[in-house]
Amino acid sequence: MRSKLPWLLLAASVALNVFFVAGVIFPRFMGDPAPPSRPDPVVAAVQDFNLDDRQAAALEALRQRIAERRAEGRENRQSFRAIIIDALEQPAFDRAALALALQARRESGGNMVLDMAEDLHSFLAGLPEETKAAFLARASADRDFLRRLLFPPRRDRD
């Protein structure tokens with residue numbers, strides 16, 4: 001019996017390794033057979049709120065405008081981290097200059113939020129009252145609803 005035990009363990013080890021490697025390789029070559037965990041938020045909103053084609057196009061256009069503003073904002077401003085590192089590189093700490101730089105950075109981000117809120121308000125004004133109420137109820141109940149709906153995932157994170 002002793003001479004068979006190592007061979008059985010070796011066969012079991014080889015079988016497990018083959019299944020493990022197949023499980024890692026299969027999705028890469030055959031594509032992931034599992035559907036995405038969440039549907040596109042715009043498609044889901046169109047279905048959930050029974051939006052017509054014009055409203056769906058307006059929502060998609062709103063999402064695209066917000067994505068363009070975010071990309072433009074990222075290109076045209078320094079990050080908070082970069083601002084702080086610049087201040088730390090100076091030979092003497094200038095509290096007032098850092099406060100001004102941080103305030104300017106906050107204001108540029110705040111304008112984007114104001115523009116987004118104005119655009120979203122205009123979109124909601126074009127909806128029937130019951131659809132608008134359902135939309136706002138979902139936004140109140142689901143913390144990430146507006147973020148998922150209005151902010152498409154960034155391509156540079158893939």
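A: Thr131 is buried, with a relative accessible area of 12% (buried is under 20%, exposed over 50% and partly exposed in between, using a 1.4 Å probe and protein chains only). Keep in mind that this is a predicted model, where local features need pLDDT of at least 70 and side-chain atom pairs 80 or more, while totals for chains, interfaces and linings use all residues. Residues are numbered from 1 along each chain as its sequence is written, and side-chain values use heavy atoms, without hydrogens or water.

Thr131 belongs to helix H6 (helices are DSSP runs of H or I with at least four residues, strands are E runs with at least two, and both are numbered from the N terminus). Setting aside residues up to four places away in sequence, Thr131 touches Phe49 and Leu51 (contact means heavy atoms within 4.5 Å).

Start with Phe49. The whole structure holds 4 aromatic pairs (ring centres of Phe, Tyr or Trp, the latter by its six-membered ring, within 6.5 Å; planes under 30 degrees apart are stacked, over 60 edge-to-face, the rest tilted). Phe49 and Phe135 make a tilted pair, with 5.5 Å centre to centre and 50 degrees between the planes. This pair ties together distant parts of the chain: Phe49 sits in the loop between helix H2 (41-48) and helix H3 (53-75), while Phe135 is in helix H6 (residues 129-141), 86 residues apart.

Now for Leu51. Val46, placed in helix H2, is in contact with Leu51 and Ala56, leaving aside its neighbours within four places in sequence. At 21% relative accessible area, Val46 counts as partly exposed. Asp52 and Leu127 are 75 residues apart in sequence yet 10.0 Å apart in space, C-alpha to C-alpha.

Elsewhere, helix H4 (residues 80-89) and helix H5 (residues 95-125) have axes that come within 10 Å and cross at roughly 170 degrees (axes are lines fitted to C-alpha atoms over the stretch in contact, with angles of 0 to 180 degrees between N-to-C directions). So H4 is roughly antiparallel to H5 (over 145 degrees; under 35 is roughly parallel, 65 to 115 roughly perpendicular, the rest oblique). Phe80, Ile83, Ile84 and Ala87 of H4 meet Leu98, Ala101, Leu102, Arg105 and Arg106 of H5. Arg105 also lies over the face of Phe80, 4.4 Å from the ring centre (a charge counts as over a ring if NZ of Lys or CZ of Arg is within 6 Å of the centre and within 35 degrees of the ring normal). Likewise, the charged end of Arg70 sits over the ring of Phe151, 4.4 Å from its centre.

Stepping back, the protein has 7 helices and 0 strands, and 19% of its 158 residues are buried. Among contacts between residues at least 6 apart in sequence, 67% join residues at least 24 apart.
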